[in-house]
Amino acid sequence: AIGLTLDGRAVTARPEETILACARRHGVIIPTLCEMNDIDHAPGTCRVCVVEIDSPGHEPGQLVASCATPVRAGMSVRTRSRRVRDAQRLQVELLLADHNQDCATCVRHGNCELQDVAQHVGVTGNRFFDRARTFGRGIDDTSPAMIRDMTKCIRCQRCVTVCRDGQTVDALVVTGTGQDTAIGLHHGLSQRESSCVACGQCVLVCPTGALGERDETERVLDYLFDPEIVTVVQFAPAVRVGFGEEFGLPPGTNVEGQIIGALRRLGADIVLDTNFAADLVVMEESAELLRRLGGQRRPTFTSCCPAWINFAERHYPDLLPLLSSTKSPQQCLGVIAKTYLPERMGIDPARIRVISIMPCTAKKDERTRPQLSADGVAEIDVVLTTREFARLLRRQGIDLRQQAPSSFDNPYMSAYSGAGAIFGTTGGVMEAAVRTMFHLVNGGELPQIELDQLRGFDGARIATIPVGGAVGTVKVAMCHGLRPTRAICEAVRAGTADFDFIEIMACPGGCVDGGGTLRSKKAYLPYALKRRETLFAIDRATPVRQSHNNPQIQALYRDFLGTPYSEKAHGLLHTYYTD
Ligand code: HC0
Ligand code: SF4
């Protein structure tokens, strides 16, 4: 260990660590904006983390960026001297000079790292603000999923790092230098035209409101308060375990009951569960996979993650024939809610609007696919991210902590199995499908319901599953995050991958950490494992553990669809992809 002085206190540091890292370990706060430890990002561009040092090789009292300066034995560091505070304040004032400061209307209002840092360094005025300069950088609202408001960008480049190094999509690029530095899409393309897959990981790391979801809470209020419209609301498997934090509950708390209660209070007419549709997808996908097993084309890829579909279409179009044709649970729920449900309940389908609450930005984009509409009627009418749902509750004065829980009561489309519940975490779709495939092949139930070999958390995992019967074993792989996904796509393309079935989730962790989840400050994906544990606990506590044993799924096939993969099921629940 190295000895040094930190604000007059003798402390020890690890060799090679930066002044910033050392200070953090000792509980000393140095403000930062561009730096983000979780994604290994410290470009040193914001210069808010300056400190004063006395150290050999430096001028006495030299100001240095603490994120980029390693500790040295005998160094003396001052983090809060007058000179440091003045320098930090000046840096933040310069950042604010061309930052659109319409904070009251900002998507990041109340949860902004720039606001925090401005408070920390004591900025009290706007000496240099020049609104005209913010006009030089525009707003890109071409994507159905998200808005890039570059008038609020502070050029920290976290988005560039997460998109390039984390996701390997590399859609974003730094343009210009000095005062003209900006973040854009490669080749000057719009977000929509670019190679972006709408995964939303850049939104999760953005410290300000420069990147945000396209807010559609107003549309939802229009539907809720229109007496002619029958509102059908679904929420995704992962939403119930990632939403309580916003209202001060411990991370990973299951708030399913409170969400249902809040939706009823908002005036939702029918509350359904995406978990039900996950069970439906298992039925279709397992039947599809067993058919494909005998054929030439291997492997089959899952198709429920819309950012993965975008990735395949834009980056690996030659692999599209390998994707399962089964629509995602979100879309399957929409189509069944506009056909079977009104038939059963005696409602005019034209009055129905389906609202989804998803931990995902790409679900907003998926909804707009032309092949997911029939005769001009979209299967899903509006998608709210988890963040917008929190905003909607606040706008309506609902505090989740005070909300009495309620439960699902729709007799047709709200029951779910434990298999449907675990869709929200990496490996869950595979585990759910294996439980049903085993049944389809052998008649009975898989004796060991929880498949530990599928439950690790590495970016890519492989397993061999003894399904038995005529099938024997099935070789599977599960990837979460697009870096491991790219690696497996390359292997499949090269013919070196020996798999039958591959599950892909574009976001690291799967939906529990989707790009539409609540944003943490300075942390990337801090709660994945807690949320995942709660999903596994829901599975254990659910009396029915297999999708094919969900009584409402059995009734849907008996009364409406026929068998899995029947002509009717195929017409409603399957889709195609285009490059
Ligand atoms: Fe997911 Fe889904 S599991 S993508 O992660 O498959 O968003 O939670 O809703 O559609 O069910 C997200 C979560 C879903 C879908 C389901 C799938
Ligand atoms: Fe990159 Fe995903 Fe952001 Fe698109 S949404 S720019 S792919 S990180």
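Predicted model: local features only at pLDDT ≥ 70, side-chain atom pairs only at ≥ 80, totals over all residues.
Local features are reported at pLDDT of at least 70 and side-chain atom pairs at pLDDT 80 or more, while totals for chains, interfaces and linings use all residues. Residues are numbered from 1 along each chain as its sequence is written, with chains lettered from A and ligands numbered from 1 in the order in which they are written.

The chain comprises domain 1 (2-80), domain 2 (106-113 + 125-213) and domain 3 (218-573), with bounds from an automatic or database domain assignment. Between domain 1 and domain 2, the C-alpha centres are 28 Å apart. Contacts (C-beta atoms, placed from the backbone, within 7 Å) link eight residues of domain 1 with eleven of domain 2. The side of domain 1 that touches domain 2 has six nonpolar, two polar and no charged residues; Ala, Val, Leu, Ile, Met, Phe, Trp, Tyr, Cys and Pro count as nonpolar, Asp, Glu, Lys and Arg as charged, and the others, Gly among them, as polar.

Helices are DSSP runs (H or I, at least four residues), numbered from the N terminus. In the contact of α2 with α3, Arg85, Gln88, Arg89, Val92 and Leu96 of α2 meet Val117, Ala118 and Val121 of α3. By class, the residues of this contact are five nonpolar, one polar and two charged.

Around ligand 1 there are 20 residues, of which Ala236, Ala238, Cys304, Pro329 and Cys511 come nearest; a residue is near if its C-beta atom, placed from the backbone, lies within 6 Å. Two or more residues of this shell are given by each of α9 (274-293) and α11 (329-337). The shell around ligand 1 holds 13 nonpolar, six polar and one charged residue.

Methods:
Contact = placed C-beta atoms within 7 Å.
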